[in-house]
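Here are a few exercises to work through with the model open beside you. Try each task before reading its solution.

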Amino acid sequence: MNKILKVLARQVFDSRGNPTVEAEIFTKRNSARAICPSGASTGTYEAFEKRDKNNKKYLGKSVFNAVHLINTKIAKTLKGQNIHNQERIDALLINLDGTPQKKNLGANAMLAVSMAAKKLSAIVKKKPLYQTFLVKNNYKLPYPLMNIINGGAHANNGLRIQEFMIRPDCAKNFAEAMRVCFVVIKNLYELIKKKGLSISVGDEGGFAPMINSNNQALDLIVSAIKKSGFKNGKDISICLDVAANELFKKNKYSIHSKKYVTVEKSIKEYIKIIKKYKIKSIEDPFEENDWNSWNKLMKSVNKIQIVGDDLYVTNLQRLKIGFLNLSSNSILIKLNQIGTVSETLDVIKFAQAIGFKTIISHRSGDSEDTFIADLAVGTNSNQIKTGSLARSERVAKYNQLIRIEEQLGKKAKMNKI
Ligand code: PEP
Ligand code: MG
């Protein structure tokens with residue numbers, strides 16, 4: 001009953017229209033499938049994403065080799081394994097690959113299989129997925145870090161900062177958190193339209209108007225919060241993902257304008273916008289190898305959530321370096337940066353043990369798969385970053401959290417911010 005009978009995979013498409021891996025696992029009576037997401041602003045130290053570079057028919061983006069590896073080597077290795085032994089399944093995948101960055105099998109092949117196994121185990125146990133991770137009771141809902149303006153590598157508008165987000169700090173439950181974000185987004189829509197700017201959206205569903213100054217974007221957001229009847233910095237906090245890897249050249253950064261300036265100047269500018277716009281969270285403020293600058297920023301600001309994404313790439317070794325170096329106080333968690341569910345859970349456990357906030361995240365290329373919504377609740381993660389209230393692949397995660405909150409009924413609580 002609990003034995004894996006069959007593992008198979010196919011090439012499907014992600015939200016950017018790029019090919020990606022879907023894996024499906026079968027026991028005697030049940031089956032489950034999972035789709036691997038894909039990033040655009042990726043960190044150098046992320047696990048390897050296997051694509052068929054030489055397949056011109058798909059412009060080098062197909063994943064037929066990864067699919068083939070699942071249908072042959074991985075299927076053979078996992079056949080007969082106990083579906084409930086996730087750690088063994090992941091260890092077998094890691095051993096079969098045998099490289100530090102998962103270059104043989106590809107993390108996209110491995111993660112699709114790993115997530116499908118986790119889902120199937122929950123189905124066989126007849127448990128909701130969120131009840132099968134780390135938390136055993138007192139489930140809490142994460143605060144959404146809702147993306148409302150897209151820039152950087154996720155849009156073509158020239159905005160330096162990649163993601164402008166809002167966090168509905170005043171919400172007492174998840175449904176209310178969604179309502180607060182909904183109202184601000186609708187008001188932002190009206191403001192953008194009134195200015196004669198485009199109301200089209202970027203890869204993560206946030207608006208991508210043709211503006212090119214961070215301050216212009218921040219002013220628009222502050223106006224939308226006000227127009228919605230909320231207080232910026234109290235009811236709602238503005239949060240940023242700078243994705244500074246993309247804005248770095250020869251030890252200088254072009255975060256706040258097109259001009260490359262020193263770290264000291266960049267920090268001064270950060271402090272200015274933190275004050276002016278009451279910003280509460282900044283992700284990837286500096287480049288992935290620039291540990292010192294992260295530390296300088298941590299020492300220069302007070303009570304600001306500093307989040308490592310490209311810096312840590314959901315990798316335990318890198319998180320340990322960041323902890324010792326006092327680089328940040330929070331970590332972004334992306335399953336495909338490391339490649340298996342078990343390794344992701346190890347990183348979350350360690351992060352929580354050292355007092356870091358954990359923020360579960362989508363990728364800019366994502367799918368209808370809602371695994372990360374359950375992961376956020378099941379690991380007691382403080383926040384979830386999964387785009388805007390637009391594009392079904394983003395909304396699907398929020399809808400799943402609404403269902404989980406409903407299922408929990410009176411027991412449902414919001415997490416600490
Ligand atoms: C991010 O940088 O946090 C992000 C979600 O984008 P991507 O998936 O392109 O890395
Ligand atoms: Mg990021």
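**Exercise 1: a salt bridge**

Find the salt-bridge partner of Asp 203 and the distance between the closest N and O atoms.

Solution. Asp 203 pairs with Arg 16, and their closest N and O atoms are 2.6 Å apart. The rule asks for a side-chain nitrogen of Lys or Arg within 4 Å of a carboxyl oxygen of Asp or Glu. Across the interface of domain 1 and domain 2, this rule finds 4 salt bridges.

A note on conventions: this is a predicted model, where local features need pLDDT of at least 70 and side-chain atom pairs count only at pLDDT 80 or more, while totals for chains, interfaces and linings use all residues. Residues are numbered from 1 along each chain as its sequence is written, chains are lettered from A and ligands numbered from 1 in the order in which they are written, and side-chain values use heavy atoms, leaving out hydrogens and water.

**Exercise 2: the domain interface**

Step two: count contacts (heavy atoms within 4.5 Å). Here 30 residues of domain 1 touch 32 residues of domain 2.

Step three: take the buried area, meaning the accessible area (1.4 Å probe) that two parts lose on being put together, summed over both. The two domains bury about 2600 Å² between them, with 51% of it on carbon and sulfur atoms. On the domain 1 side, Ser 15, Ser 41 and Tyr 45 lose the most area to domain 2, together 25% of what that side buries.

**Exercise 3: ligand 1**

Which residues are closest to ligand 1, and how many surround it?

Solution. Using a cut-off of 4 Å between a heavy atom of the residue and the molecule, 16 residues surround ligand 1; the closest are Ala 40, His 154, Arg 363, Ser 364 and Lys 385. Next, look at polar side-chain atoms: one of Arg 363 lies 2.8 Å from an oxygen atom of ligand 1, and one of Glu 283 lies 3.0 Å from an oxygen atom of ligand 1.

How values were computed. A polar contact is a pair of N or O atoms within 3.5 Å; within protein, one must be able to donate a hydrogen and the other to accept it, and residues adjacent in sequence count only if both atoms are side-chain atoms.
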